Structures are given as structure tokens and as C-alpha cells.
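Visitor: I would like to go through this structure with you, one topic at a time. Could we begin with the terms and then move to the details?

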Amino acid sequence: MRKWKTGDHVVVATAYVDDQDHDTHRDGMLGAGQKAWGFETNFGGLAHYAIVRASQLMPKPRLLTWEEAAVNPLCAGTAYRMLVSDRGAQMKQGDVVLIWGATGGLGSYAVQLVRNGGGVPVAVVSSRQKADLLRSLGCEVVINRSEIDGGDTTLLQRPEGWKKLGAAVRDAVGEDPHIVFEHVGEKTFGASVFLARRGGTVVTCGSSTGYQHTYDNRYLWMRLKRIIGSHGANLHEQWEVNRLFSMGRLLPALSKTYTLDDVSTAARSVQTNQHIGKVGVLCLAPSPGLGVTDPQARARVGEDRLRTFQS
Ligand SMILES: NC(=O)c1ccc[n+]([C@@H]2O[C@H](COP(=O)([O-])OP(=O)(O)OC[C@H]3O[C@@H](n4cnc5c(N)ncnc54)[C@H](OP(=O)(O)O)[C@@H]3O)[C@@H](O)[C@H]2O)c1
């Protein structure tokens, strides 16, 4: 370790790479030995102490508490690569971006990144409470998918459901999406391919509802759309996102904090889709709210804004 010393406050990038693999030097995510730290290696990411590689370390944003800082890297980095990176959808000003699960882990950052970059987020969620949170973040177009499907949970897997959602997007924005931000998978992928505009992009990093995606290929090839697979973020992309948190230009999506003893309750809330944004788990920190080393920067951004997801 050359760039860090004992006692430095750090956050951990989740890409665990092999620096002796030549492809790593093209893009950290392309090396054959790349692993998701805490998922594919290291026996999980929640413990009092953990071993990481020096190539995973980034300075902890000084205006954030430990738990606010810890929850961000995985989902914010992944959303950044999907939307902003030249390896992702390369969103530009004015792009309309449909975001599934817009108050989930990925979605909470995606909405903010799209707004920051001058795009128009079209946020899809499943409840009024989530819709209200998004409006408080400045997201003007929010679609409640339960109002679209009216209780028929397979509607969005059929063309009539795709058209109904497409009509709602056109009503609200007047245009079809340039980019669809996908991670839900089997239950939404057909809709995503349909909804992207001619020449548009579906960018995907996951399949929460099932890996076997079905879509009507006519909408893809005849309308010249493309699908981009994306995974995590390389250290440069992750570093760029970390800067945004340090500058107060991205807000942490932490909604609730648990103790390490209560980690099963935290995980269950995510599994059952009861959570908002990210849930935090205190490992070494004795209580929430500690770790801020730049209170002036925190005051500049505003305590209320930084706690947007905690209200
Ligand atoms: N490849 C990578 O690097 C990477 C990184 C992070 C995450 N992921 C993957 O991406 C997925 C999402 O992660 P996350 O952290 O954002 O999860 P999350 O916090 O659970 O959010 C997922 C969101 O999906 C929405 N959703 C659930 N069922 C749905 C359905 N049937 N139709 C439409 N929307 C539905 C929910 O929103 P509503 O109920 O409000 O619609 C929920 O908020 C997971 O599969 C995860 O493993 C991949």
C-alpha cells in the first residue's frame, strides 16, 4: 500500500480486480478475475473488520456520517457506469430516461444522476409514498406502476401493458425514453425494449425477478435499439461518483440504520421490498451520526437534504 496510511477514513469500491490481468488495464471490469467484493469474495461485506485490496480504497466523503458514506459505492457506481460512462448509455442533456424501481438502491442514485446531467427522469415506483419522495428530490415525472397494472401483476409483461405504460410516458413527457434503466429483469424487460425510442438504449445490470428475459425482437431490430450489459464500476468510474458525494452533488440514499446484530431484519426489509433506497448497518461505529469531519461542508449542503431518504 503506497497511497494510504493507518487511520485514513475510506470507503470501499466493490470491484475486486486482478491487476496482473491484461484486460484489467483496459477496463477494471473486463479482467477475467474481476469479482464483486462482499458477494463473490470475502464471505460477505458486513463485519467488524474486513480485508480489501488497496485498489478498492477511496477517500470517505468528509461531510457524510459513516453509515451515509458506506451505503453508496455499489449502487451509485453501478448506476453511474450504466448511465454516464462511455461504457454505458452515455446519457446527454435532455435525454428522457425511464428508471424502474426509482426509489430502490440503484434507482435512487439513477434519478439524481439523470437530473444532475440535464436529463429527464421518468421514475417508475409502486406506491404513493415512494412517488412523494421522488417529487421531493425534484423528479417531476413519476409513474405508479400499480396504477398502470390495476392489480394485474402480469400486465406489464404483455403488449397491452407495455402500450399502457408507453402512453402514460408520452402523456407526461411528450416523448419516448432515450434510455431505459433496467435491473428488474424478467417482469419488465419486454416492456423496456418496447418503450425505448427508435435508436434508444436499454441498459441492464440485473434480473431481480428472473433471468430469462422475453422481448419482441421486432421492436429491437426494426427500431434500431441496443441493449447494453453493465456490471459494477471500474475504480475510475467509482472515483468520479465518490467526488459527487464529496461535493454534495449526490445525496446518500440511506433510509434506515440497523446494528450488526440486527442485520437479518435489514436484509429482510430489502428482500420483501419494504425498504427505500439503501439500508445501513453499523459495524464498528458505536452509534449513528458519527464520522463527519467537515461539518461546514455538511451545513452548506444542508442536514435536511442529506437526510432526504431518512424522512
Ligand atoms: N450488476 C451490478 O453491478 C449490480 C449492482 C447493484 C445491483 N444489482 C442488481 O440490480 C437489482 C436491483 O438492485 P437494487 O439494489 O436497486 O434493489 P432494490 O433496492 O431492491 O430495488 C429494486 C426495485 O425494483 C422494483 N421492483 C421490484 N419488483 C418489480 C417489478 N415486478 N416490476 C417493476 N419494478 C419492480 C422495486 O421498486 P417498486 O416496487 O417501487 O417499483 C424496487 O425498489 C438486483 O437484482 C441487484 O442484484 C446489480
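Guide: A residue is called buried under 20% relative accessible area, exposed over 50%, and partly exposed in between. By that definition R135, with a relative accessible area of 44%, is partly exposed. Please keep in mind that this is a predicted model.

Visitor: Which residue forms a salt bridge with R135?

Guide: The partner is D132, and the closest N and O atoms of the two are 3.7 Å apart. D132 is partly exposed, with a relative accessible area of 44%.

Visitor: And how are R135 and D132 placed in helix α4?

Guide: They are three residues apart in α4, which covers residues 128-136, so about one helical turn separates them. An α-helix has 3.6 residues a turn, so residues three or four places apart point the same way.

Visitor: How many salt bridges does the structure hold?

Guide: The structure holds 17 salt bridges. One of them joins R298 and E68, with the closest N and O atoms 2.8 Å apart. R298 belongs to helix α11 (residues 295-301) and E68 to helix α1 (residues 66-70), so this pair ties together parts that are 230 residues apart in sequence.

Visitor: Are R298 and E68 buried or exposed?

Guide: R298 is buried, with a relative accessible area of 7%. E68 also counts as buried, at 1% relative accessibility.

Visitor: What about D176 and R170, where do they stand?

Guide: Their side chains meet in a salt bridge, at 2.7 Å from N to O. D176 is partly exposed, with a relative accessible area of 21%, whereas R170 is exposed at 51%.

Visitor: Which residues are linked in a network of salt bridges?

Guide: The network links D27, R81, D86, R87 and E237. As a general point, side chains of opposite charge can pair when their charged atoms come close. R81 is also among the buried residues of α2.

Visitor: How many residues of α2 are buried?

Guide: The count is 10 of the 11 residues, so α2 is largely enclosed by the rest of the structure. Besides R81, the buried residues of α2 include P73, C75, G77, Y80 and M82. A79 lies in this helix as well, and it counts as buried at 0% relative accessibility.

Visitor: How far is A79 from E160?

Guide: Their C-alpha atoms are separated by 29 Å. Along the chain, A79 and E160 are 81 residues apart.

Visitor: Let us change topic to the ligand. How many residues surround it, and which are the closest?

Guide: The ligand is surrounded by 23 residues, the closest being S126, R145, S208, G232 and H275. By class, the shell has seven nonpolar, 13 polar and three charged residues.

Visitor: Which polar atoms of the protein lie by oxygen atoms of the ligand?

Guide: A polar side-chain atom of R145 is 2.7 Å from a ligand oxygen. For S208, a polar side-chain atom lies 2.7 Å from an oxygen atom of the ligand. With G105, a polar backbone atom takes part, 2.8 Å from an oxygen atom of the ligand. On its own the ligand has 910 Å² of accessible area, and the protein covers 80% of that.

Visitor: Which helix supplies the largest share of the shell?

Guide: That is α2, with three residues. Helices α2 (73-83) and α3 (105-116) each supply at least two residues of the shell.

Visitor: And which domains does the shell draw on?

Guide: It draws at least three residues from each of domain 1 (10-75 + 234-310) and domain 2 (89-229).

Visitor: One last topic, the backbone. Which residue other than glycine has a phi near 55 degrees?

Guide: That residue is F43, and its phi is positive. Most residues other than glycine have a negative phi. N42 is not a glycine either, and its phi is positive at about 75 degrees.

Visitor: Where is N42, and where is F43?

Guide: N42 has its place in the loop between β3 (35-36) and β4 (57-59), and F43 is found in the loop between β3 and β4. N42 is partly exposed, with a relative accessible area of 25%, while F43 is exposed at 91%.

How values were computed
Residues numbered from 1 in each chain as written. Predicted model: local features only at pLDDT ≥ 70, side-chain atom pairs only at ≥ 80, totals over all residues. Heavy atoms only, no water. Near = heavy atom within 4 Å. Polar contact = N/O pair within 3.5 Å; in protein donor to acceptor, adjacent residues only side chain to side chain. Areas by Shrake-Rupley, 256 points an atom, 1.4 Å probe, with all protein chains shown as cover. Helix = DSSP H or I, 4+ residues; strand = E, 2+ residues; numbered from the N terminus. Nonpolar A, V, L, I, M, F, W, Y, C, P; charged D, E, K, R; others polar. Domains from an automatic or database assignment. Salt bridge = Lys/Arg side-chain N within 4 Å of Asp/Glu carboxyl O. Buried < 20%, exposed > 50% of the residue type's maximum accessible area, 1.4 Å probe, protein only.
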